[in-house]
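Hi,

Here is the structure I promised to pass on. Please have a look at it first, and then read my notes below.

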Amino acid sequence: MPIYRIDKGNIVPIKCTTSAQKGLRECHDLQELLKSQIEIISPATLIVAEEFSEWEDSRRRIDLLGIDKATNLVLIELKQTEDGRHMVLQAIR
């Protein structure tokens, strides 16, 4: 889905790019930016852990783990693939 900007009364599509083209790396750059500015995607959320994996019998991890004002857990997984492969299964697990 395209993203647009308004430029002098015109709606102009923003050119599609990738994280790699912008020099961003998932774990280091994007995760750090989101951790420090989580309100952009999840207002009123407190990040309590990153790379969380402290449960029994699992080697899996959560990129960012937060809690919101209603005490709901907020799980944030960062992906850089175009096809979204395995995202739904990861969310269910």
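**The hairpin and its surroundings**

Ile6 has Ile11, in S2, as its bridge partner. The model is predicted, so to speak of local features we ask for pLDDT of at least 70, and side-chain atom pairs count only at pLDDT 80 or more, while totals for chains, interfaces and linings use all residues. Residues are numbered from 1 along each chain as its sequence is written, and side-chain values use heavy atoms, with hydrogens and water left out.

S1 and S2 run antiparallel and are joined by 4 bridges (strands pair if DSSP finds at least two bridges between them; helices, H or I with at least four residues, and strands, E with at least two, are DSSP runs numbered from the N terminus). Their hairpin has 2 residues between the strands, and Lys8 takes a positive phi near 50° there.

Tyr4 belongs to strand S1 (residues 4-7). Together with Ile6 and Ile11, Tyr4 makes a nonpolar surface patch of about 390 Å² (patches take residues with over 30% relative accessible area and no salt bridge, joining like charges within 9 Å and nonpolar side chains, namely Val, Leu, Ile, Met, Phe, Trp and Tyr, within 5 Å; areas come from the Shrake-Rupley method with a 1.4 Å probe, and for residues only the protein chains shown count as cover). Tyr4 is partly exposed at 47% relative accessible area (buried is under 20%, exposed over 50%, partly exposed in between, with a 1.4 Å probe and protein chains only).

**Salt bridges**

How many salt bridges does the structure hold? There are 3 (a side-chain nitrogen of Lys or Arg within 4 Å of a carboxyl oxygen of Asp or Glu). Asp7 pairs with Arg5, with the closest N and O atoms 3.2 Å apart.

Glu32 and Lys35 meet at 3.4 Å, N to O; they are 3 residues apart in helix H1, so about one helical turn separates them. Lys35 also meets Glu50, at 2.5 Å. That pair links distant parts of the chain, from helix H1 to strand S3 (residues 45-52), 15 residues apart.

Asp29, in helix H1 (residues 26-36), is buried, with 19% relative accessible area.

The protein chain averages a pLDDT of 81, and 75% of the residues score at least 70 (pLDDT is the predictor's confidence in each residue, from 0 to 100).

Best wishes
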